[in-house]
Amino acid sequence: MNFPILSSLILLPIVGALFLFFTKDKDGNNLTAKYVALFVTIVNFLISIYLWLLFDTTTSAFQFVEERIWIKDFINYKVGVDGISILFILLTTFITPLCIVSVNNTVKNRLRDFLIAILIMESFMIGVFCALDLIVFYLFFEAGLIPMFLIIGIWGGPKRVYSAFKFFLYTLLGSVLMLVAIISIYWISGTTDVIKLYELGIDAKYQNLLWLAFFSSFAVKTPMWPVHTWLPDAHVEAPTAGSVLLAAILLKMAGYGFIRFSLGLFPVASEIFTPLIYTLSVIAIIFTSFIALMQEDMKKLIAYSSVAHMGFVTLGIFTLQQQGIEGSIIQMISHGLVSAALFLCVGVVYDRMHSRLIKSYGGIVTIIPKYSILFMLFSLAALGLPGTSGFIGEFLILMGAFKDNFLVAIIASFGVILGAAYMLWLYKRVIFGKLVNEDLKQMVDLNRSEYLILTCLAVPTLFFGFYPEPLFNTIEVSVSDLINMHNLNIASK
Amino acid sequence: MDSLNLILPEIFISLSVMFLLILGVFKKDSSQLTFNLSLFTILIAAIITVNETYSINRVTLFKDSVVIDPMASLMKIITLIGGFLVLIISSSYLKAFKIFKIEYPILILSSILGMMVMISSNDLMVFYMGLELQSLALYVLATFNRDQLKSSEAGLKYFVLSALSSGLLLYGCSLIYGFSGSTNFDVIANQLNSNEYALTFGIVFILVGLAFKISAVPFHMWAPDVYEGSPTSVTLFFTMVPKIAALTVFIRFLYVPFINLIDQWQMIIIFLSIASMIFGAIAAIGQTNIKRLIAYSSIGHIGYTLAGLATGSNDGIQSSIIYISIYVVMNLALFSCLLMLKRNEQYYEDIDDLSGLSKNHPLLSLCLLIILFSLAGIPPLAGFFAKFYVFKAVIEQSMYFLAIVGLLSTVIAAFYYLRIIKIIYFDKEKEKYDTDHGVWLKFSLTFSAILILLYFISPSQLIEVVSRINII
């Protein structure tokens with residue numbers, strides 16, 4: 001067996017967290033803890049880059065597969081990556097170090113514990129994306145609730161308790177039904193191994209209920225309308241680094257789950273429930289865009305825009321077209337970068353003025369020009385301007401949708417316009433216009449670490465906007481094989 | 001006489017109890033000595049149990065009225081270990097309340113003896129004898145802090161209600177004897193005639209009695225008051241040890257003589273299970289006293305254990321036993337934390353006393369965090385696996401309704417566990433608590449917390465042990 005590279009990706013952050021656990025917690029700026037965490041996450045990022053380089057893009061088979069007996073005759077610990085999951089792993093390992101750099105200004109007390117929570121979170125998230133056994137997946141998927149609950153609850157804003165509870169209970173409620181479904185799959189098919197299940201297939205008469213059970217979990221996590229209400233609360237109250245993790249990676253677990261499990265395991269049911277997903281996605285796109293327009297709180301606005309963007313993602317996945325699914329994956333990656341950046345941008349002004357309300361800003365373009373430029377870049381990326389990664393994703397999704405269902409595509413296209421409306425209006429109100437408050441003059445422009453983080457996010461946003469080829473290369477074979485398998489399954493039923 | 005060695009642990013404990021009583025009477029200030037000797041007794045009894053009975057497949061003694069099988073030996077070992085740990089971590093508590101007397105360890109020993117008789121019973125009479133022996137000891141234990149009103153009240157309440165349930169149970173026994181002609185489980189199994197409705201009545205009465213002992217809804221009323229009123233160390237004993245024995249009898253009673261009547265009792269168990277899960281989860285939300293809360297949470301956990309029993313399969317029984325074993329560990333850890341909430345010789349047991357604990361006692365709060373999330377059944381902690389096995393067995397029998405209701409009630413239950421975590425981690429801190437706890441208390445907390453946290457690394461071990469149990 002080769003070097004267990006995926007397991008080391010999962011384990012390394014935990015080892016880092018353990019190490020931090022045994023260091024002394026100092027008040028104030030705990031540099032040692034931060035450097036340790038940063039070092040661990042950067043090493044993890046480098047390993048995942050190495051993984052990407054080794055990755056064979058010509059096959060859709062799972063690679064770097066590790067399998068160990070975990071519970072005898074029942075569950076095997078099995079991990080592996082294909083073209084779809086590797087990108088999410090990269091996204092995770094890329095965002096986490098940035099989160100850790102960003103805690104500089106936001107987290108004041110118990111920094112060490114915060115870093116431990118982030119590191120543990122990272123390893124659970126990586127675990128979700130490379131688990132190849134349903135129960136292992138569920139374990140990672142659920143375990144992530146614990147650190148996130150604490151991140152929101154301990155370091156969050158004034159309504160943190162309410163938000164943390166809402167987040168936890170909503171997600172748990174969705175997930176328990178998935179657990180029932182997973183156990184049922186075990187009794188129906190005799191295995192929870194995803195690769196074997198792909199080959200065996202699941203009897204069509206069970207698929208509908210199982211699909212709905214998985215849907216209940218993923219829909220909450222995505223979040224889809226009407227179970228999206230935990231997201232704005234959680235985002236607003238979470239500390240900046242928490243919001244970033246939540247928006248950039250946690251939401252993607254559900255999109256990934258839809259592709260990997262809902263499509264892969266239940267092809268017949270996916271076909272049947274496509275209208276449901278279309279309806280909910282379109283409502284999410286249009287409805288939450290309107291809600292976003294009316295928000296007064298910047299973080300809330302971005303949170304609602306996340307719901308709208310994830311609406312595009314679910315729409316794209318269930319077009320069951322090559323373009324649609326590829327678009328969804330790229331949209332998720334792009335949204336991971338852009339929404340992370342936007343939350344960080346809000347974090348920057350919040351740290352200075354301690355207000356997230358749009359009306360307390362205005363006319364700051366001359367005061368903090370560097371910030372204004374980067375903020376503009378990410379706003380444009382969020383609304384999907386050509387040349388940014390946001391465009392590629394949305395464009396492909398709409399293309400896929402036009403192939404499949406004209407009406408839905410037309411309605412969804414309005415979402416793009418609305419997206420432009422709320423993002424540009426937000427930008428205009430915050431950055432341009434008259435100076436609303438003399439205090440704003442005191443604002444200092446980006447400091448070094450903020451500048452570094454935002455540039456780090458800007459580079460891939462632009463790069464993949466102009467040259468998305470590396471992403472396509474990675475996912476193309478996996479996606480086309482997924483669709484072929486799906487069509488075969490449908491044809492044989 | 002060869003077979004006597006199989007019940008050597010019981011004989012040894014009963015002789016020790018008599019010896020310790022005499023010792024306590026004739027030697028002054030012997031409470032510490034009795035205490036230590038009792039610990040020693042339990043330890044030796046556990047060693048004998050492992051040595052003599054662990055590898056035995058199934059042997060019946062005394063005209064088939066006592067049975068030694070893997071389930072009996074495993075449950076006895078768990079009971080003994082549980083009793084040992086309870087005793088060892090309660091000494092400082094007892095001393096603080098000045099109730100560190102010779103009777104305490106002796107009563108615990110005799111109730112353990114009763115439980116062991118119950119666990120091994122293969123006959124209604126033997127079973128009843130064991131049950132009464134353990135109950136009588138428990139009544140006294142509940143009132144052990146006799147100068148406190150609440151403790152006396154708890155004991156009295158427990159006594160009256162428990163005696164009533166014992167009466168019902170005995171009535172059930174007599175019905176069964178009347179219609180099957182025997183009190184022996186194996187004989188009853190052969191004599192069964194499902195047309196006899198009186199037999200069903202007998203089963204129902206006995207189930208009521210047993211449900212009372214494990215505090216399943218709707219026979220749970222005594223639990224919150226008794227748990228709250230009894231001294232904390234006794235509450236710990238209540239939540240852990242008698243449940244193991246009662247569960248074993250439950251399994252044996254349902255699955256040996258009455259397995260063919262499963263259609264008749266399955267609905268009852270499902271009802272008890274669902275009612276306990278939901279009621280336990282909802283009623284715990286409003287509690288302010290930790291011991292009361294634990295009472296309701298233990299009602300909920302009994303519901304999950306019963307869900308495994310309701311399946312009528314070996315997998316179900318095994319999952320129930322796994323559940324109760326993990327639950328015992330979690331409870332031990334939780335009570336160890338509770339016993340650490342001491343300031344100036346006074347123990348605190350309100351949930352609000354935990355407020356902001358994480359600032360002053362980070363390690364203790366971390367342990368509590370692990371325990372509470374585990375009780376709530378969040379992966380990857382041990383509590384999740386406990387629930388997982390149960391629901392795996394339940395879904396195997398296509399009892400989806402039970403599985404879904406059970407899992408939804410875990411979400412409700414998660415709420416009150418989260419509330420405690422919220423109080424520990426998110427709220428303002430209070431005064432510091434003492435940190436000079438006994439070695440054993442620290443040991444039991446660390447040990448059980450680590451067990452809960454790292455259980456997921458090798459879950460097969462416990463399964464392998466339990467997989468020897470084949471009742472059907």
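At what angle do helix α4 of chain A and helix α11 of chain A pack? This is a predicted model, in which local features need pLDDT of at least 70 and side-chain atom pairs count only at pLDDT 80 or more, whereas totals for chains, interfaces and linings use all residues. Residues are numbered from 1 along each chain as its sequence is written, while chains are lettered from A and ligands numbered from 1 in the order in which they are written.

Helix α4 (residues 111–130) and helix α11 (residues 240–265) of chain A pack at about 15°, their axes 10 Å apart. Axes are lines fitted to C-alpha atoms, for helices over the stretch in contact, and angles run from 0 to 180 degrees between N-to-C directions. Helices (H or I, at least four residues) and strands (E, at least two) are DSSP runs, numbered from the N terminus. The angle makes α4(A) roughly parallel to α11(A), a term for angles under 35 degrees. From α4(A), the contact draws on A:Ile118, A:Met121, A:Met125, A:Val128 and A:Phe129; from α11(A), on A:Ala241, A:Leu245, A:Ile249, A:Met253 and A:Tyr256. Residues are in contact if their C-beta atoms, placed from the backbone, lie within 7 Å.

Chain A also holds a hairpin, formed by β1(A) and β2(A) with 3 residues between them. Strands β1 (residues 63–71) and β2 (residues 75–81) pair in the antiparallel sense over 6 bridges; pairing requires at least two bridges found by DSSP. A:Ile71 has A:Ile75 in β2(A) as its bridge partner, and A:Asp73 in the turn has a positive phi of about 60°.

Definitions and conventions
Parallel < 35°, antiparallel > 145°, perpendicular 65-115°, else oblique. Contact = placed C-beta atoms within 7 Å.
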